[in-house]
Amino acid sequence: MKKLAFIIAAVVAVAAFTGCTKEYNTYIDGAQVLSYEYDITPAMWKRVRGANLPGGYNYLYASFENSDITRDVVDFGTVTAEIWNIYDQANNLGSWNPLPYVYPLELNELDDNGNHIIVAENIRFEWEQGMVTFVIQDLDGLEPVDLSSTITIKVNVIRNIRY
């Protein structure tokens, strides 16, 4: 129960105290928080192709080593991630959104009624000792479209220093 309370408190604290720097180290009530930003270019994504049918197994992924995700983090801490989303390009306004994040993607295809097709895309992350992986997948299971711009994702490694 103490572990769960610690993790919840640490996640809330990270959400409240994250800053603008590219990489920083913060201590919050018994937890060490190490934060990193990953700028993932279109060329960094790898594609897994299954059958291109609804419900198929198709996705894009990008994996990165992170030596701060230690065995202690796996056993006693946690990892969170947020994606930077620009919601107003004209004024360059954006916000951090926690993963998993679902967003609408308008395709350059038309349905039978002549309307543009909009597909929900999901971006999530997976982590294990020494590694973090980001995954983009269409919710219909079809192949996601190739990305044309860099995506910024912030990862917070939260270590319990009082276990």
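## Isoleucine 123 in strand β8

Isoleucine 123 sits in strand β8, which spans residues 116-128, where strands (E, at least two residues) and helices (H or I, at least four) are DSSP runs numbered from the N terminus. With a relative accessibility of 0%, isoleucine 123 is buried, a term that denotes under 20% relative accessible area, with over 50% called exposed and values in between partly exposed (1.4 Å probe, protein chains only).

Leaving aside residues up to four places away in sequence, isoleucine 123 touches Trp45, Ile83, Leu99, Pro100, Tyr101, Tyr103, Val135, Ile136 and Ile153, a contact being heavy atoms within 4.5 Å. Its C-alpha atom is 8.9 Å from that of aspartate 138, which lies 15 residues away along the chain.

## Asparagine 97 in strand β6

Asparagine 97 belongs to strand β6 (residues 93-98) and is likewise buried, at a relative accessible area of 17%. A polar atom of the asparagine 97 side chain lies 3.1 Å from the backbone oxygen of serine 95. When residues up to four places away in sequence are not counted, asparagine 97 touches Ala81, Glu82, Ile83 and Asn85.

## Overall architecture and model basis

The protein holds two helices and 10 strands, arranged along the sequence as α-β-β-β-β-α-β-β-β-β-β-β. Of its 163 residues, 39% are buried, and among contacts with a separation of 6 or more, 60% join residues 24 or more positions apart.

The model is predicted, so that local features need pLDDT of at least 70 and side-chain atom pairs count only at pLDDT 80 or more, whereas totals for chains, interfaces and linings use all residues. Residues are numbered from 1 along each chain as its sequence is written, and side-chain values use heavy atoms, with hydrogens and water left out.

Technical notes: Polar contact = N/O pair within 3.5 Å; in protein donor to acceptor, adjacent residues only side chain to side chain.
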